[in-house]
Amino acid sequence: MKSTHRLAVSLGLLATSLSCSCELFTALIGATVSNIPFLVSISFMDTLGETLTVVAGVILTISSLVIASEITGTNPFSWVRWRHGIPLALVFTLILFLTPDLRYLFLVKLVDGTLAGGMWGYVLSRRINLSDKVRKLLLIGSIAIISFILLAFPLISVTIIEVLSIVSGVIGAFGYLSLKPWVRLGLLHLIGWSLIMPGPISLILGTPIPFYDIVGGQAILLWISAWIFGTPIAWLAGIQYLQFIRDKMTNYYLPSTHDLRLRNEGYPWLKWFVLGGIAVVSQILFFMTHSAYFLDNNGYDLIFLETMTLSSTLLMVSGLVLIGYGFYSLIKSKYNIPKINTKWFAIGSLVYAIIEMLITKMMIIAPNGYPYPPVLLLTYGEPMYAPAVTIYVPGIIGFYFYPISVLALIATSLLAGATIVLAYQSRNKKMGSLTAIGVLTACPACGLSTIGYAMTIAATASSELLSMYAQVGFTLASILILIGIFLYVVRKAGNTCSIDLNKMR
């Protein structure tokens, strides 16, 4: 809405509408794929699903880097230099010649060859200086070669297509780099969506769109392969369009320097709370609405269940770690924590960890009557409760670990060890004794889990959430108690003091 360039606005609206159309086609495919007459090969559908998963994974990974660079104001690709285009050009060239010489892979050959030649042309353009007029003539020549390939496709061999596509890419790169940014964006959108749209249109029509002598099942293979190749191109065009709008045609309204200082210096911990909270809450809500993705062994294969469980658990663990780091940043910004004796800190943390494992049944002494193997892995289930491992030595010792219990054990043990050592270092035995007792009463899954279980039974309105994640919430509550005790000890210790950052400024 802030744009002053009508052509860019039109291009943006076109890209947005095409993206929405692509989402619509994806939904239609998911709803009708079992009834599509020309998609009868199960092996083909498996291969298609794996290929699309790889493409999606690559795009999401690069997108994460792009988004991170926009947020932090850094360039994650700053290490990339023009010389690094050589390995990429080699990869595209190798893919071109490894792709089978099949007629329905014609567009794959054309696109990949053009990309390979384009990378070689980019490398050469850094060494060869040409006038703008010559560059434009080379671009026209590239377009002419591609047009010839499309028109003469039934009459020329695959080898000639490979050679001509590389040549068109090499000479086209010189002219492409000399174009204005919005023109380059238009070309990318044109190429990407020309490759994407015939596939979904074929599915809607109920029959593949023919391409010269390529009809039937080969035609749908042609358009789906083109769809896969066109998706990254359209994605790149969309990213570049957004950055073009940001850099050239928008107005920024920056807050005052005072506001920026307060946001960036006064509350550095807040962003960790927000990011961690989003990660944890989003995964809890996802599990509540898609529990079958984690538990339904009859409907999904084991690898899918394990992947979903592990992915969701890693996100939640990352979120909890971020929240923990937020607490650390907040405490560090407000208090001058004295140096802690490393030896006694390690001993105190270890002792507390052993006591907590015994109380919470993470460790059982002399277990009997356990009819399972010595090591048992639970690879899928509720996030944060799986993956889990049971280690059992009959009559001697047994352990049961799962992500939330391990996180709670680490956090509470470190807090308890630091609190006890600080209390005794203050040479106030009374405060040390009271602190040690208070630390022990704050262990998670002891009294708190009992209270949580009672509340779970009583609370019917949100019984599903509480029954699955009561321990997560009450473990966090117990850690908050330990943090409160730790801050109490820090404030009461004679050699510490509070720091008012605003007064220091």
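# Helix packing in a predicted model

The crossing of α13 and α15 is right-handed; a crossing is right-handed if the near helix is turned clockwise from the far one by less than a right angle, and left-handed if anticlockwise. This is a predicted model: local features need pLDDT of at least 70, side-chain atom pairs count only at pLDDT 80 or more, and totals for chains, interfaces and linings use all residues. Residues are numbered from 1 along each chain as its sequence is written, and side-chain values use heavy atoms, with hydrogens and water left out.

**The whole chain**

- The protein chain holds 19 helices and four strands. Both are DSSP runs numbered from the N terminus: helices are H or I with at least four residues, strands are E with at least two.
- Of the 505 residues in the protein chain, 37% are buried. Buried means under 20% relative accessible area, exposed means over 50%, and partly exposed lies in between (1.4 Å probe, protein chains only).
- The protein chain exposes about 29100 Å², and carbon and sulfur atoms supply 70% of that area. Areas come from the Shrake-Rupley method with a 1.4 Å probe; for residues, only the protein chains shown count as cover.
- Take the contacts in the protein chain between residues at least 6 apart in sequence: 75% of them join residues at least 24 apart. Contact means heavy atoms within 4.5 Å.

**Helices α13 and α15**

- Helix α13 spans residues 302-334, and helix α15 spans residues 403-425. They pack at an angle of about 20°, and their axes are 11 Å apart.
- α13 is therefore roughly parallel to α15. Angles under 35 degrees count as roughly parallel, over 145 as roughly antiparallel, 65 to 115 as roughly perpendicular and the rest as oblique.
- Axes are lines fitted to C-alpha atoms, for helices over the stretch in contact, and angles run from 0 to 180 degrees between N-to-C directions.
- On the α13 side, the contact uses Thr313, Val317 and Leu320. On the α15 side, it uses Pro403, Ile404 and Leu407.
- In the contact of α13 with α15, five residues are nonpolar, one is polar and none is charged. Ala, Val, Leu, Ile, Met, Phe, Trp, Tyr, Cys and Pro count as nonpolar, Asp, Glu, Lys and Arg as charged, and the others, Gly among them, as polar.

**Helices α14 and α15**

- Helix α14 covers residues 342-359. The axes of α14 and α15 come within 8 Å and cross at roughly 130°.
- α14 and α15 are therefore oblique to each other.
- The crossing of α14 and α15 is right-handed.
- Residues of α14 in this contact include Trp344, Phe345, Tyr352 and Met357. Their partners in α15 include Ala408, Leu409, Leu414 and Val421.
- The residues of the contact of α14 with α15 split into eleven nonpolar, five polar and one charged.

**Helices α4 and α5**

- Helix α4 (residues 106-125) and helix α5 (residues 132-151) have axes that come within 12 Å and cross at roughly 165°.
- That makes α4 roughly antiparallel to α5.
- α4 passes α5 in a right-handed crossing.
- Phe106, Leu110, Thr114 and Ser125 of α4 meet Arg135, Ile146, Ile149 and Leu150 of α5.
- The contact of α4 with α5 has five nonpolar, two polar and one charged residues.

- Tyrosine 328 sits in helix α13. It counts as partly exposed, at 44% relative accessibility.
- Tyrosine 328 and isoleucine 483 are 155 residues apart in sequence, but their C-alpha atoms are 9.7 Å apart in space.
- Serine 329 is also in helix α13. Serine 329 is buried, with a relative accessible area of 14%.
- Beyond its neighbours within four places in sequence, serine 329 is in contact with Trp269 and Trp272.
- Serine 426 is in the loop between α15 and α16 (429-440). At 22% relative accessibility, serine 426 is partly exposed.
- From serine 426 to lysine 492 is 66 residues in sequence and 8.4 Å in space, C-alpha to C-alpha.

**Backbone details in loops**

- The peptide bond from alanine 386 to proline 387 is cis, with omega near 0°. Proline 387 lies in the loop between β2 (375-378) and β3 (388-393).
- Methionine 384 lies in the loop between β2 and β3. Its phi is near 80°, a positive value in a residue other than glycine.
- Methionine 384 is buried, at a relative accessible area of 0%.
- Tyrosine 212 is in the loop between α8 (198-205) and α9 (216-248). Its phi, near 55°, is a positive value in a residue other than glycine.
- Tyrosine 212 is partly exposed, at 43% relative accessibility.
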